[in-house]
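Hi everyone, thanks for coming. Let me put the structure up, and then I'll talk you through some of its rings and its interface.

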Amino acid sequence: MKLTRRNFIATVVGGVAGIQVTPLPWKFTDDVAIWTQNWPWVPVPPTGEFSEVSSVCNLCPGGCGISVRKVDNRAVKIEGRPDYPVNAGGICPVGMGGLQLLYNESLRFTGPMKRVGMRGSGEFQNISWDDAFRIIAGRISALRKSGRPEAIAAVDGNREGTTASALIERLMQAVGSPNYVRLPSLSDTYRMGNIVMEGRDAPVAYDLENSDFVLSFGCGLLEGWGAPGRVMNAWGMWHDANPAKRKTHIVQVESRASNTASKADLWVAPRPGTDAALALGLAHVIIRSGKYDAGFVAEHTFGFEDWQSTDGRPHSGFKTLVLKNYSPEQVSKITGVRPDVMVKLAAAFRLAKAPVAIYGKGKNDLNGSLYEFMAVQSLNALTGRINRPGGVLLPDPIPLNPLPYFERDDIASQGLKKPRLDRGGTQEYPFTQSLISNFADAINRSPKSPIDTLMVFSANPAFTLPDGGAFKNALAKIPFVVSFSPYRDETANMADLILPDCTYLEKMDDMVWPVGLQYPFYGLSKPVVKPIYDTRNCGDTVIEMAKAIGESVGSAFPWEGFEDVVKERAKGLYDAGGGRVSFDRAAPAWKPQNPKAGDKPGYNSFDDMWKKLMAGGLWYRPLDQAREWPWLFKTPSGQFEFYSQLIDQAIQRASAKDLRIAVRDDAACMAHYATPTSTANRSDYPLSMMPYEMINLASGWIPSPPFLYKTLPDTQLLKETSFAAVNPKTAAKYGLKQGDLVAVQSPVGEVQARIDLFGGAMPDIVYMPVGFGHTGYDEFLKGKGVNPNAIVQAEQDPVTGYPVWWNTRVKLVKV
Amino acid sequence: MKNRANSSKRPSQSGDASPPAGFFPKWLNINVAIQDVGFFLVGLIAALVVGWIIFPAVLYSKQAQPINFNHALHLNPDKVDGIEGEKKEEKCSFCHEFREDGTFAGIPRLAKCTECHEDPGSPLGETPEEKDLMTRYVATDQQIPWLVYSKQPDCVYFSHIAHVNMGKIACDTCHGDFAGNEKLPLYLENRLTGYSINIWGKRISGFYWNKKPSDRMKMDDCAECHTQMGQEQNNACFVCHK
């Protein structure tokens, strides 16, 4: 028998018929269906035991309490903690997406590394921690031996007052370098304003929850200003679902129709950088009406009326200055706000029961202007809103223990006598601790970098500084750069050595006083998971590094590890007393509470307190609204100073010109408005560019969890291009349509973006979103959009020297 | 010959002896038909062999458990002291426990073993299995990679406490009687799905005359039992596929 075609078909038919009466087709179909559910790239939730770990979010200075859900050892979800005073259950999109910063390996350094590729290429090779310590300690020891400890510098992005920053500053002191440089933020502007007007080296404390009229000068209340969890909660309280119960009025002063401006009861849009004039215009209306808080002004302020100094010189007071220069008509010319709007707004502010004027610029990441802050604070003083419920409160600083004294060796003492490279604290910058823009400038201007070794902690200045790329250029000139970043950011990519920190979910860290909070608050985050890679808490790394350097540097760090230092500092909280380590939702921290005689603090020994502090992650003092007046203001006059005698003294030591103050005489010591200077030619660069921030992208040096890019509208990021929002009128003037690709050119550079026609943009201003244009990190974040910081040409703010980043002259060129 | 060849329109290729003419209709070439049936049967039988014997044999890979756990030994109070509980269910849940929040721990983690077998240096018995446990897992603090016979896909939500505590269903009703096993059964893993043979059932046909709940663990079996128990409302999709 041969196998013919016919026979073959018969066999096949038999086979097909036969297979129908076997389980094969049915079982196979079922199995294939299940097989498709189990492809290796389909994400699968882990199985195991569920647990919740309470910690504190450290992704911004907001300090929200977070509860992390875990399945066995894997963190699977982050939520806000209802048992936490700051956010009371709320959380922002960045905080929610934080797991991507932990588990996304391509964003992170997985162990200590040294550079093998070109600088900026991001090519590194794994080394051991021992080798890493040997390299860095050897380098520092060699510089110290050659008598050049000042050639070691540290850039520190940790917030002031945190244990990590205290350790890094101590390391620089022990090594003997004055070049410890911090990144400027809004908190620095607040601190400096409080020093010059109130004599208080303290953060600002706005009693928002108890206010019934919030006049916000530029604070991005819905964009992440202050402690976002707290502000969102307050916003919810201000906007009761029942309109009849609504008690708080929100006025937003901002040139762009941001989310806050759009949702406010009133949006006032002055030209960028003219907020001070507007605040003084409102002050003018209130003073002219005679209905300011005369009692407060007379008893607790200095420099309101004209006065005479001890040498017999007559001085004009705040009242005279404001009445003379800031009538609504004059202010209208500066700000573009109609005079009648100012009159109505001033009346509404004055007539409210508990109004407060708050100052900010978008989020907290970048500095503000000192005189603008002073103008807003003067408005609060004029209406008696300082040290009053619902106004600006003056709580005491957090009583953390200072680190113990240590002996410096001769090399360190000699090194510390050398001048700071950034000239912070000198006559030109009397109140400024550090100025990173001057630091970069000094390096860029010298033929050979005066800094040999730079250490960068918790910061990504090559991306976040609004300096037109100056810091990045400086980095390229510094012979040896060490990064402690957990992430593959732009600055770390320029580094020669990486000693990676853990991410915020893997380590203990502290959070000192979330921005703007009205009561003293100390948060403590703890490891939610064990470090998943070979990374170490930066605090431990600093201690170990100091020990590796040895000599007097090592003996300045007697601790075993970071936790010991945190504990030692926290002992101060116990010794000071009066704090709480647990939170009852029924008694919000912002509600005035009368401590009763029998009230117990909730702990009976320091060890007990420490245990509870570690478990709950919080310490706070309940709101203590009206404080006794004597000794509250530590200015030379002992009063709130409309006329700052500290600025007066600074001017006498240097000169108004050296301090870059545009006005002369008495006005220079008071809040005032001066037209910003710019070296750019107005006819070449007819527009100005203002960067703006968003709540759904991470702040500062923290990479955005890639999830968040999905929340962006097509008018902010479309594929690889970000947008520049301009008013349709401005666009028409240059013949631009929606989506046109343009080059935004400033005197220092150019970036390309698409045009978004936005009615909420002020004519002649180009608004560009901050957070795009990364060259570091991974495929999800890299090469998306452009970074407006790269074209910012910033002048220096008077007195402080911080960059005026909100007013860069630009032009638009169609590509 | 000539006629038949013409009638079938196809020349016969064999010259064998043929049945007498007239026995079969004219149009049927009987030799060809026999051949056709023959080949049809070859195909049919081959398919049956493939479908019933080869396919099931190829589909499942045989895997041994990492340690041959002896349930019978552990549940024998004469030999092992400390497995508490009066009823069988209580004894099961001594190791296969419910957590405080009511979730079911399933196969115990190493920590459960080390409650008794804590010191790798001093085993409690003399079995080679225990030695294995001590050296490979307890001493190195590695979890034992147990193969789970009843593991369901991730899209299935199953609450043990609802069935055991509220439904009063005994463990062995669904899982079979493990308590008397001296050896763990061989784990047969479906090469396509990655799940155990216990889900589809050991019978490749999937049909049982007197089906026990422990025979199969597919969705239809869940639904069938719910219906029998008068819990038909629990057959709604979202009860299990959350």
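Residues are numbered from 1 along each chain as its sequence is written, chains are lettered from A and ligands numbered from 1 in the order in which they are written, and side-chain values use heavy atoms, leaving out hydrogens and water.

Let's start with the rings. Phe, Tyr and Trp rings (the six-membered one for Trp) pair if their centres lie within 6.5 Å; planes under 30 degrees apart are stacked, over 60 edge-to-face, and the rest tilted. Searching the whole structure gives 37 aromatic pairs over all chains. Take Y709(A) and F772(A): their ring centres are 5.9 Å apart and their planes stand at 85°, so this pair is edge-to-face. Both Y709(A) and F772(A) are buried. In chain B, Y149(B) and F178(B) make a tilted pair, 5.7 Å centre to centre with 40° between the planes. Y149(B) is buried, at a relative accessible area of 10%.

Chain A also has an aromatic cluster, with Y292(A), F296(A), W629(A) and F642(A) among its members.

How far can we trust chain B? Over residues 1–8 of chain B, though, the pLDDT is below 50. Where pLDDT is low, the predicted coordinates should not be read in detail. For the model as a whole, ipTM is 0.86 and pTM is 0.86.

Finally, the interface. Counting contacts as heavy atoms within 4.5 Å, 32 residues of chain B touch 32 residues of chain A. The buried area (accessible area, 1.4 Å probe, that two parts lose on being put together, summed over both) is about 2,700 Å², with carbon and sulfur atoms giving 66%. On the chain B side, F39(B), R99(B) and L192(B) lose the most area to chain A, together 22% of what that side buries. There are four salt bridges between the chains, each a side-chain nitrogen of Lys or Arg within 4 Å of a carboxyl oxygen of Asp or Glu. The side chains of D36(B) and R6(A) form a salt bridge, at 2.5 Å from N to O.

Note on methods. Predicted model: local features only at pLDDT ≥ 70, side-chain atom pairs only at ≥ 80, totals over all residues. Buried < 20%, exposed > 50% of the residue type's maximum accessible area, 1.4 Å probe, protein only. pLDDT = per-residue confidence, 0-100.
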